[in-house]
Amino acid sequence: VSAFQHLEQAPEDPILGVTVAYNKDPSPVKLNLGVGAYRTEEGKPLVLDVVRQAEELLIQDRSRYKEYIPIAGLVEFNKLSAKLILGDGSPAIGEKRVATAQCLTGTGSLRVGAEFLSKHYSQHIIYIPVPTWGNHPKIFNLGGLSVKTYRYYDPRTSGLDYEGMLEDLHAAPPGAIVLLHACAHNPTGVDPTQDQWEGIRQLIRLKGLLPFFDSAYQGFASGSLDADAYSVRLFVGDGGECLIAQSFAKNMGLYGERVGALSIVCRSATVATRVESQLKLVIRPMYSSPPIHGASIVATILSDRNLYYNWTVELKNMADRIISMRHQLYDALKARGTPGDWSHIIKQIGMFTFTGLNKDQVSFMTAEYHIYLTSDGRISMAGLSSKTVPHLADAIHAAVL
Ligand SMILES: Cc1ncc(COP(=O)(O)O)c(CN[C@](O)(C(=O)O)[C@@H](O)C(=O)O)c1O
């Protein structure tokens, strides 16, 4: 008998399992609005032109090897990643107060950050928003932290429960870690206003809480890299400390290359140096060192003026297409006279619309219209095109009648 005889069959992941179900559906009108992966107007995945150009340059460069890269990743990539999120001329970078490690994209950056904090930080409680990305609680629990929640989304207004968020963070024990979505909150698409970010910053600094930013959509939300880094730069600008997890999955279309970085902004350069040395002790026994290819693509693009500019143009095009899908869906529901207030579809920002549809309505849409979305009613706008908006609008209309 097998040593693993006792194993149960594990359930599919709530998000990635939607794609598994979608792939099994033979229907010609099926629509995958589950995983947050960009699709073109033709419904195809997109490899950015600048990514193809960077790969060409890398292949032609015969001086490149496939050697191990440092435990903390490519130095050039780390510098450029930190600069992208913190901005040109960031004092934190100028004063060498930022420790950056290339990690396995956003998920890996969050996990390494969690393990680092559970090993070296006095407070092991992390507060995460309700709702949040489904993988967050698992990453932080397995990383050795204990997860609590703060109020975030208000279903009555389809907006931010700002008062509730401040109350819950005010009640947190001193030093508690606070997970913040830098922009394009997943799954709600609801972000604090600039004034609200300032209120959140004041409270967090007053209480001595430790912010941990998750930046998976920089540039993807508004189309502007700087606008989408506003929250991070507001906090770092006050001289305080924070952690920042970056992913290049969406904004560079490098999903499967698993490219990201964890930056820890410290109060002094000497601390940052010690932090980086300790980060390497977390990484070495976890996966030893990160992959070379994706980070080389990103470093090639971020270090070349033309490639960087062309990237910002492609990025804005992706963001604009998603925003246009928001308006087309909203207009289609208005045209149908679909009961309910659907203005949140055009108010929300980033890849996802938190529709407010319940589990039963979601199941109905999948069964009757072959539309695949997560059971919390989140739809990935990037999965839509002008041709498929009517089909989705018909399904929502039928689901709410
Ligand atoms: C807030 C947030 N943070 C981190 C990640 C991790 O991204 P990666 O590890 O690929 O860099 C995601 C991706 N979440 C999804 O877009 C989603 O919610 O559909 C999807 O990629 C996923 O893995 O679930 C995210 O939404």
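User: What should I know about the model before we start?

Analyst: The model is predicted, so local features need pLDDT of at least 70 and side-chain atom pairs count only at pLDDT 80 or more, while totals for chains, interfaces and linings use all residues. Residues are numbered from 1 along each chain as its sequence is written, and side-chain values use heavy atoms, with hydrogens and water left out.

User: How much space lies in the largest pocket?

Analyst: The largest pocket holds about 710 Å³ of space. A pocket is an open set of points on a 1 Å grid over the protein atoms alone, with protein on both sides within 12 Å along at least five of seven lines. The volume is the space filled by probe spheres set on the points, which are joined across faces, edges and corners.

User: Which residues lie nearest its centre?

Analyst: Ile 15, Trp 133, Asn 186, Tyr 217 and Lys 250 lie nearest the centre of the largest pocket, among 36 lining residues. Lining residues have an atom within 4 Å of a point.

User: Which helix gives the largest share of that lining?

Analyst: Helix 5 does, with 4 residues. Helix 5 (105–120) and helix 6 (135–142) each supply at least two residues. Helices here are DSSP runs of H or I with at least four residues, strands are runs of E with at least two, and both are numbered from the N terminus.

User: And how does the lining divide by class?

Analyst: The lining of the largest pocket has 15 nonpolar, 14 polar and 7 charged residues. Ala, Val, Leu, Ile, Met, Phe, Trp, Tyr, Cys and Pro count as nonpolar, Asp, Glu, Lys and Arg as charged, and the others, Gly among them, as polar.

User: What about the second largest pocket?

Analyst: The second largest pocket has a volume of about 500 Å³. Its lining has 19 residues, of which Lys 79, Val 98, Ala 99, Thr 100 and Glu 276 lie nearest the centre. Helix 3 (75–86), strand 2 (98–104) and helix 10 (269–287) each give two or more residues to this lining. By class, the lining of the second largest pocket comprises 9 nonpolar, 4 polar and 6 charged residues.

User: Is strand 2 mostly covered or mostly open?

Analyst: Strand 2 is mostly covered, with 6 of its 7 residues buried. Buried means under 20% relative accessible area, exposed over 50%, and partly exposed in between, with a 1.4 Å probe and protein chains only.

User: Which strand does it pair with?

Analyst: Strand 2 runs antiparallel to strand 10 (residues 259–265), and 7 bridges join the two. Leu 104 stands opposite Val 259 in strand 10. Two strands pair if DSSP finds at least two bridges between them.

User: Switching topic: how many cavities of 30 Å³ or more are there?

Analyst: The count is 1 cavity of 30 Å³ or more. A cavity is a set of grid points where a 1.4 Å probe fits but cannot get out. The largest cavity has a volume of about 30 Å³, and Tyr 38, Leu 46, Leu 48, Gly 253, Tyr 255 and Met 318 line it. That lining divides into 5 nonpolar, 1 polar and no charged residues.

User: Which residues of helix 1 are buried?

Analyst: In helix 1 (residues 16–24), Gly 17, Val 18 and Tyr 22 are buried. These residues lie on the same side of helix 1 because they cover an arc of only 145° around the axis. The arc is that of the directions from the helix axis to the C-beta atoms. On the other side of helix 1, Asn 23 and Lys 24 are exposed.

User: What do the buried ones pack against?

Analyst: The buried residues of helix 1 pack against strand 1 (31–32) and strand 12 (371–372), where contact means heavy atoms within 4.5 Å.

User: And strand 7, which way do its residues point?

Analyst: Ile 177, Leu 179 and His 181 point one way from strand 7, Val 178 and Leu 180 point the other way, and all are buried. Strand 7 (residues 177–181) pairs in the parallel sense with strand 8 (residues 210–215) over 5 bridges, and the partner of Leu 179 in strand 8 is Phe 212. Strand 3 (residues 125–130) also pairs with strand 7 in the parallel sense, over 2 bridges, and Tyr 127 has Val 178 as its bridge partner in strand 7.
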